[in-house]
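Trainee: I would like to learn how to read the contacts in a model such as this one. Could we go through them step by step?

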Amino acid sequence: MDKPLIEIKGVRHAYQTQTGELPVLDGLVLSVPEGGFSAVVGPSGCGKSTLTRLIAGLLKPDEGEVWLHGELVRGPKSIVGMAFQNPVLLEWRTILQNVMLPLEIVSTKMSRQEREDRALHLLALVGLEGFEDKRPSELSGGMRQRASLCRAIVHKPEVLILDEPFAALDAFTREDLWQTMHAVKAEEPFTGVLITHDLREAIFLADEIVVLSGRPARTQYVMDVHLKGPRDIEHLYTPRSADALNILRHQIQIAQGRAPAEEIAQ
Ligand code: ADP
């Protein structure tokens, strides 16, 4: 578990806007070990999505480096899978065809049957057995997000980036999806980065929670989550989880400039 698979070394990134340069990340450092799952939280607009685009090779840092599996990232790579708040499924394809799409692009040596078997296996794993031939609009929001997750991991990416994938779902559906994520990770190992605004989600899913400062973002605080491996919702209601939640809330207030840094609760 100790070898870093994702390494972000002193990354600086600024956007050029009509009103001048907008520094977004400044000296950001992040390391996720192979098989690890880190949640990144921070104030709105601090640069979390920018960070995911840098890891995915969709953006180049102005300074610093992003390494994946010992290789410097110079552009998009198929070892990265991504899922977003909006599942962006193609309406003219069935759910099965949507999930198979990445295999058609990156796994050209697989036969059609092998692709279909792989997609069907994942759809069953996330509870979508029987919905393979439906169109995206025939599914609920939670089901579409399950399909989007299958599509993100169908080509067995080593790195999975989840950018607020559950943010648009109601609380009960979201908790169901959290449980599904643990089941998926147990069967389909990946090294993950989860961007979220939901601190309970971060505690439930991640091994480590990284709080970013306000823009331009740097790593402000790192919390090792005491829960390891798959967990039950009840774990969120223990005194330890309540303490972790309070510390994280306070850290976010500091990042937002709403609490002085010296008041950090340890
Ligand atoms: P977060 O995900 O933390 O909400 P983002 O990484 O999406 O933050 O954006 C950080 C800041 O950069 C925001 O102020 C946003 O408006 C700005 N931004 C994002 N993308 C661009 C872009 N392509 N051009 C200019 N500004 C951008």
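Trainee: Which side chains meet in a salt bridge with Arg12, and what is the N to O distance?

Mentor: This is a predicted model, in which local features need pLDDT of at least 70 and side-chain atom pairs count only at pLDDT 80 or more, whereas totals for chains, interfaces and linings use all residues. Residues are numbered from 1 along each chain as its sequence is written, and side-chain values use heavy atoms, with hydrogens and water left out. A salt bridge is a side-chain nitrogen of Lys or Arg within 4 Å of a carboxyl oxygen of Asp or Glu. Here the side chain of Arg12 meets that of Glu21 at 3.3 Å, N to O, and Arg12, Glu21 and Asp62 are linked in a network of such bridges.

Trainee: How many salt bridges does a search of the whole structure find, and which side chain meets Arg112 in one?

Mentor: The search finds eight, including the one between Glu116 and Arg112, at 3.9 Å from N to O.

Mentor: Arg200 forms another salt bridge, with Glu175, their closest N and O atoms being 3.3 Å apart. Arg200 lies in helix H6 (residues 199–205) and Glu175 in helix H5 (residues 171–187), so the pair ties together parts that are 25 residues apart in sequence.

Trainee: Is Glu175 buried or exposed?

Mentor: Buried means under 20% relative accessible area, exposed over 50%, and partly exposed in between (1.4 Å probe, protein chains only). Glu175 is buried at 18%, while Arg200, at 25%, counts as partly exposed.

Trainee: Which residues come nearest to the ligand?

Mentor: A residue is near a molecule if one of its heavy atoms lies within 4 Å of it. Of the 14 residues around the ligand, Gly45, Lys48, Ser49, Thr50 and Arg215 come nearest.

Trainee: What lies 2.5 Å from an oxygen atom of the ligand?

Mentor: A polar side-chain atom of Thr50 does, and a backbone N or O atom of Lys48 lies 2.9 Å from a ligand oxygen. Helix H1 (48–55) is among the elements that each supply at least two residues of the shell around the ligand, and the largest share, four residues, comes from H1.

Notes. A polar contact is a pair of N or O atoms within 3.5 Å; within protein, one must be able to donate a hydrogen and the other to accept it, and residues adjacent in sequence count only if both atoms are side-chain atoms.
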